[in-house]
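Please keep the sequence and the model side by side while reading.

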Amino acid sequence: MKEKINLMKFLEVLAFIIVIALVGIMFVQVFSRQFLDRIPVWSGEEVATLLLIWLTNVGAAIAAGNNTHLSMDYFFEKLPEKFRSYIQVFVYGIICVFLIFIAYVSIELAWSGRFAFSARLDISMFWYQSSIFVGMSIMFYYYIKLFVRSFLEIKSTKKTT
């Protein structure tokens, strides 16, 4: 039986692959500096930077999917129980608007930088900057799910009272 591909599982595997590639590239860099005359062009700092940027944005999307971003739980738990759901919907709504704004700005940035290339590897800067758009879009997907879930929770509690 075929299993449905889970977005979270895909992101976790992608992050794992990026970490392994990053460790491998750093190992080649250190080994080359110690034992070889020069460092291979493909193992330069540009590739490591590209992988770190992608890892950061994929990691942020994973944290959004697990709802584990930093939050001020102390203040949230001090609020009366009936207001918590409303505050939660409000916060998720603000996060969604912010993510839309950042995704829009980042795709404009990536598109305008598509003709700029990195110094050594000649990689388009689009690939560096598009990671922000991808990360923000996936985060938006998860936060809109949290927003809808919180909103439906308010509706269901109103029906029962």
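Predicted model: local features only at pLDDT ≥ 70, side-chain atom pairs only at ≥ 80, totals over all residues.

Helices in this account are DSSP runs of at least four residues, numbered from the N terminus. Once neighbours up to four places away in sequence are set aside, Arg-120 touches Ile-39, Val-41, Gly-44 and Glu-46. Arg-120 and Ile-138 are 18 residues apart along the chain, and their C-alpha atoms are separated by 31 Å.

One of the partners of Arg-120, Glu-46, belongs to helix α2 and has a relative accessibility of 16%. Because the cut-off for a buried residue is under 20%, Glu-46 counts as buried. Beyond its neighbours within four places in sequence, Glu-46 is in contact with Ser-118, Ala-119, Arg-120, Leu-121 and Tyr-128.

The loop between α4 and α5 also holds Asp-122, which is exposed, with a relative accessible area of 55%. Asn-67 lies in the loop between α2 and α3, the latter covering residues 73-78, and with 37% relative accessibility Asn-67 counts as partly exposed.

When residues up to four places away in sequence are not counted, Val-58 touches Leu-11, Leu-14 and Ala-15. Between Val-58 and Gln-88, which are 30 residues apart along the chain, the C-alpha atoms are separated by 24 Å.

The packing of the helices can now be taken up. Helix α1 and helix α5, the latter spanning residues 125-160, pack at an angle of about 145°, with their axes 13 Å apart, and their crossing is left-handed. Leu-7, Met-8 and Leu-11 make the contact from the α1 side, while Ile-138, Tyr-141 and Tyr-142 make it from the α5 side. Sorted by class, this contact of α1 with α5 has 6 nonpolar residues, no polar residues and no charged residues.

Some of these names return in the interior. In soluble globular proteins, nonpolar side chains tend to be buried together. Here the largest nonpolar core has 18 residues, and those with the most contacts inside it are Leu-11, Ile-62, Met-139, Tyr-142 and Tyr-143. Which helices supply this core with at least two residues each? They are α1, α2 (45-65), α4 (81-112) and α5, and α5 gives the most, with 6 residues. Apart from this core lies another, of 6 residues, among them Ile-18, Leu-22, Ala-48 and Leu-51. Tyr-143, named above for its contacts inside the largest core, is in contact with Ala-64, Asn-67, His-69, Tyr-92, Ile-95, Cys-96 and Leu-99, leaving aside its neighbours within four places in sequence.

The aromatic rings remain to be considered, and the structure holds 6 aromatic pairs. In one of these, Phe-27 and Phe-31 are stacked, with 6.1 Å from centre to centre and 20° between the planes. Why are these two residues separated by about one helical turn? The reason is that Phe-27 and Phe-31 are 4 residues apart in helix α1, which covers residues 7-35. Phe-27 counts as exposed at 57% relative accessibility, whereas Phe-31 is partly exposed, with a relative accessible area of 39%. Ring pairs also bring in Phe-35, linking Phe-27, Phe-31 and Phe-35 into a cluster.

Notes
Residues numbered from 1 in each chain as written. Heavy atoms only, no water. Phe/Tyr/Trp six-rings, centres within 6.5 Å; stacked < 30°, edge-to-face > 60°. Buried < 20%, exposed > 50% of the residue type's maximum accessible area, 1.4 Å probe, protein only. Axes fitted to C-alpha atoms, helices over the stretch in contact; angles between N-to-C directions. Left-handed = near helix turned anticlockwise from the far one by under 90°. Contact = heavy atoms within 4.5 Å. Nonpolar A, V, L, I, M, F, W, Y, C, P; charged D, E, K, R; others polar. Core = buried A, V, L, I, M, F, W, Y, C linked by side-chain atoms within 4.5 Å.
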